[in-house]
Structure formats: structure tokens, C-alpha cells
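Please read it alongside the model.

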Amino acid sequence: VLVQAGKYYTFNQNGNYITSEVANSGIACSTAKDASAIYYFDGEHLLAYKTGLYFGLNASDWTFEAIGSNDISKIEFVAAVNGAEEKYNIKSGGRWLHLSANGDGSTFVNRCSANTCGDAHNWEIEIVEALPVTISTAKYATFYAPVAVKVASGVTAYTATVDAANNKVILNEVDGVIPANTGVVLYSENAGTYNFTITDDVEAIEGNALRGSAAATYYTTAGTYYALGLVDGKVGFYKDAFNNSRFQNNSHKAY
């Protein structure tokens with residue numbers, strides 16, 4: 001079985017990767033194998049790495065859905081019916097994914113009630129070895145993943161403890177590997193996108209005040225939430241407005 005729960009993958013046909021971008025009322029494919037082409041498989045569903053939304057099927061087409069939606073579709077992988085070597089058919093919501101082309105030559109994910117269209121249904125599945133993380137010119141970012149990753153060269157990772165008496169967050173440097181399910185602050189002198197190599201998990205870090213989520217998540221428990229921000233040129237954890245009785249944490253971020 002190629003696809004396993006708890007891992008990240010890309011899916012493509014002849015270099016056309018399924019992305020988390022929506023175009024022409026469908027999910028767009030792209031020849032760029034970047035962050036938008038990465039998905040996390042939780043054993044039943046595909047979560048888009050870039051947006052933190054789940055692959056879904058609504059009444060008319062494929063779409064992306066947030067946690068709690070009734071349109072999040074379970075995913076099934078089976079060997080290609082026509083015997084194409086090392087390729088798979090993907091079923092979701094009672095429909096089979098296949099590649100289609102728009103009039104302008106761009107490609108998108110279409111759907112069929114049966115996987116009988118030959119090569120159009122055959123997807124190559126590639127495991128993702130590293131997760132790209134972008135750090136802006138503010139030099140700081142947050143990160144969270146359900147897998148352990150090696151800290152990229154040129155970046156320093158920190159967990160955090162809270163010094164409530166002095167209204168400060170104390171950063172504690174992580175040595176080499178960020179454990180799975182661990183929120184961290186990242187720092188780099190140079191803005192850019194860094195690749196964090198997925199690795200075997202290590203012992204959890206105790207006393208970390210940072211929380212996080214892989215999916216874009218709304219938290220509705222009343223409380224005070226702090227998100228990393230840049231205000232008047234100063235980077236810090238700022239109290240986030242509890243809008244509409246909820247706080248939003250974005251994909252693969254910590255708070």
C-alpha cells in the first residue's frame with residue numbers, strides 16, 4: 001500500500017499536479033510542484049498543506065471545505081484498473097478523479113461515476129520528503145505540523161514559555177528536530193522559503209506554551225488568544241480579536 005495515514009503526498013498525471021487552487025469552478029492542476037500541490041493524508045481525508053482545507057465534493061464539483069463541513073469526502077486509492085504500473089485511481093464521494101483540459105490548455109480535476117476513462121484516471125503518487133515554509137521580511141514566523149521535521153539550515157526554531165509577570169514570551173531554542181504536533185516560532189535573518197525535511201519523531205518538548213493546527217481551525221472556547229504579528233514595526237504575540245465568538249488559526253501555524 002503506497003498511501004499511508006500520517007504522511008504528505010503529491011498527485012499528478014504527466015507532471016500536472018493537483019493543487020489547492022480553485023479555477024473555472026474546479027480544482028486547478030499545475031506543472032509547478034510547490035506548496036499548493038502538497039496534501040496530508042489522515043487515513044480518510046486529504047488536507048491541503050497551503051490552505052488547511054479538506055478536499056471535498058459538493059453537489060456540482062470538487063471543492064475545498066473547512067473542518068465541520070458535511071462536504072469533506074473520504075478518499076480511496078486503488079491500483080489503476082488498466083494495469084498502468086505504479087499508478088492509482090482515486091475515489092472520493094462516490095466519484096473518480098480524472099484529469100481534464102480547459103480550452104486554453106490549462107488542466108483541472110474532473111469527476112466520473114466510474115473509473116473507465118483509461119489514463120485520465122491514472123495518478124502518480126509521490127511522497128513528500130520536505131515541507132516548504134516561508135519566512136517574511138519580518139524575520140519571524142510560526143509553524144506546526146503533525147510530523148517531525150528537521151530545522152532548515154539558516155533558520156532557528158523555538159518553543160515558548162510565558163512570563164506572565166513581565167508580559168513576555170521567553171523563546172527556547174529547539175535542538176535540530178521539531179517534534180510532531182509541536183508549535184514553534186521560526187527566525188531567520190533572510191526572508192525566503194525554507195525546506196524542512198520530514199524525519200522520524202523525537203521526544204516531545206515539555207512546557208511549551210505554543211499550540212497549533214495543521215488544518216485551518218476556528219476555536220470557539222472563550223479565552224484570550226495571542227497570534228504572532230507585526231505592529232508598528234515590532235514583532236510579538238498580540239491579543240487577537242475574538243471575532244464572532246471564535247479565533248482562527250491558519251494552516252500549519254502556531255498561536
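## Leucine 131 and the cores

Leucine 131 touches Tyr8, Ile38, Tyr49, Phe143, Ala145, Val147, Val149, Tyr194, Asn195, Phe196 and Ile198, leaving out residues up to four places away in sequence. Contact means heavy atoms within 4.5 Å. The model is predicted: local features need pLDDT of at least 70, side-chain atom pairs count only at pLDDT 80 or more, and totals for chains, interfaces and linings use all residues. Numbering runs from 1 along each chain as its sequence is written, and side-chain values use heavy atoms, without hydrogens and water.

The largest nonpolar core has 26 residues. Such a core is a set of buried Ala, Val, Leu, Ile, Met, Phe, Trp, Tyr and Cys residues joined through side-chain atoms within 4.5 Å; buried means under 20% relative accessible area, exposed over 50%, partly exposed in between (1.4 Å probe, protein chains only). Tyr8, Leu131, Phe143, Ile178, Leu186 and Phe196 have the most contacts inside the core. Strands β13 (130–135), β14, β19 (184–187) and β20 (192–199) each supply at least two of its residues. Strands are DSSP E runs of at least two residues, numbered from the N terminus.

## Glutamate 65

Glutamate 65 sits in strand β7 (residues 62–65). It counts as buried because its relative accessibility is 15%. Its contacts beyond four places in sequence are Leu53, Tyr54, Gly56, Asp71 and Ile72.

## Tyrosine 140

Tyrosine 140 belongs to strand β14 (residues 140–143). Its relative accessibility is 31%, so it counts as partly exposed.

Note on methods. Helices (H or I, at least four residues) and strands (E, at least two) are DSSP runs, numbered from the N terminus.
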